[in-house]
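Student: I would like to go through this model residue by residue, with the cut-offs spelled out as we go. Could you take my questions in turn?

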Amino acid sequence: IDLWFSHFEDHMSSSAFRNAAKSRRRSHKERHQPYSRRKLGLLEKHKDYVLRARDYHRKQDQLKLLKEKASNRNPDEFYFKMINTKLKDGQHFQPTNDNFSPDELKLMKSQDLTYTLMKKSQEAKKIAKLQSCLHGIKKPGAGRSNQHIVFVDSEKEAAEFEPVKSEKKSRPVEEELEKETAAGYRELKKRASRERQLSRVAEQQQLRKHLLEKGGKARKTTCDDGRVVYKWRKQRRR
């Protein structure tokens, strides 16, 4: 035990001496680019060299890994993407086959239209529910009355009564009600806007569906406000 303790003391004293020596050691700073060589740019410091060396070795490791994969590749290996993909502007892409028949396009458009109409119906139900909840509640800031009836015990208390203090008691409840009502009206406004957007999308999808139907071609006209209108010849249907 005494031998271990003496060894520990020697170790601590030597480490303390090394730390003290490091604290008194002169720190050598790297010089900057001399004025005569200023046209060559900044002088590379050691930390810059470390970053450049790490980047270089990372790229070399990546190239080494790719070379190993290329050397171990099976020459009989085949994937259909090898012949289906194309190179454009240095990037590989696979061309999609969108040559659908008119019946398939019509089916897809009808499914999209059904989904849009379903979402529109859901929004309409939520709007009706919000309107029923907000019915009879005054819109915040519109015609709010601050009249309260306060009962006192004597004429002296009535003379000393300050309406501002009594108003503070019910103010938190009124503010909470105003916040909830304002949030309800904001949600109602957003849902109404979304319903209008869904209506426009449904109209466009319905128009595309009609354009895919068999029959006479529609005549395309442009209104003064820039809207595009399609007109079909009147036909008698059974």
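Student: Which residues does Thr-116 touch, not counting residues up to four places away in sequence?
Tutor: This is a predicted model, in which local features need pLDDT of at least 70 and side-chain atom pairs count only at pLDDT 80 or more, while totals for chains, interfaces and linings use all residues. Residues are numbered from 1 along each chain as its sequence is written, and side-chain values use heavy atoms, with hydrogens and water left out. Taking contact as heavy atoms within 4.5 Å, and setting aside residues up to four places away in sequence, Thr-116 touches Leu-198, Val-201, Ala-202 and Gln-205.

Student: Is Thr-116 buried or exposed?
Tutor: Thr-116 is placed in helix H4, residues 102-134, where helices are DSSP runs (H or I, at least four residues) and strands likewise (E, at least two), numbered from the N terminus. Buried means under 20% relative accessible area, exposed over 50%, and partly exposed in between, with a 1.4 Å probe and protein chains only. Because its relative accessible area is 7%, Thr-116 is buried.

Student: Which side chain meets that of Arg-191 in a salt bridge at 3.2 Å, N to O?
Tutor: A salt bridge is a side-chain nitrogen of Lys or Arg within 4 Å of a carboxyl oxygen of Asp or Glu. The partner of Arg-191 at 3.2 Å, N to O, is Glu-123. This pair links distant parts of the chain, 68 residues apart, with Arg-191 in helix H6 (residues 163-212) and Glu-123 in helix H4. A network of salt bridges also links these two with Glu-187 and Arg-194, and the partner asked for is Glu-123.

Student: Where do Lys-59 and Asp-55 both lie?
Tutor: Their side chains meet in a salt bridge at 3.2 Å, N to O. Lys-59 counts as partly exposed because its relative accessibility is 45%, and Asp-55, with a relative accessible area of 28%, is partly exposed. The two are four residues apart, about one turn of the helix, and both lie in helix H2 (residues 46-71).
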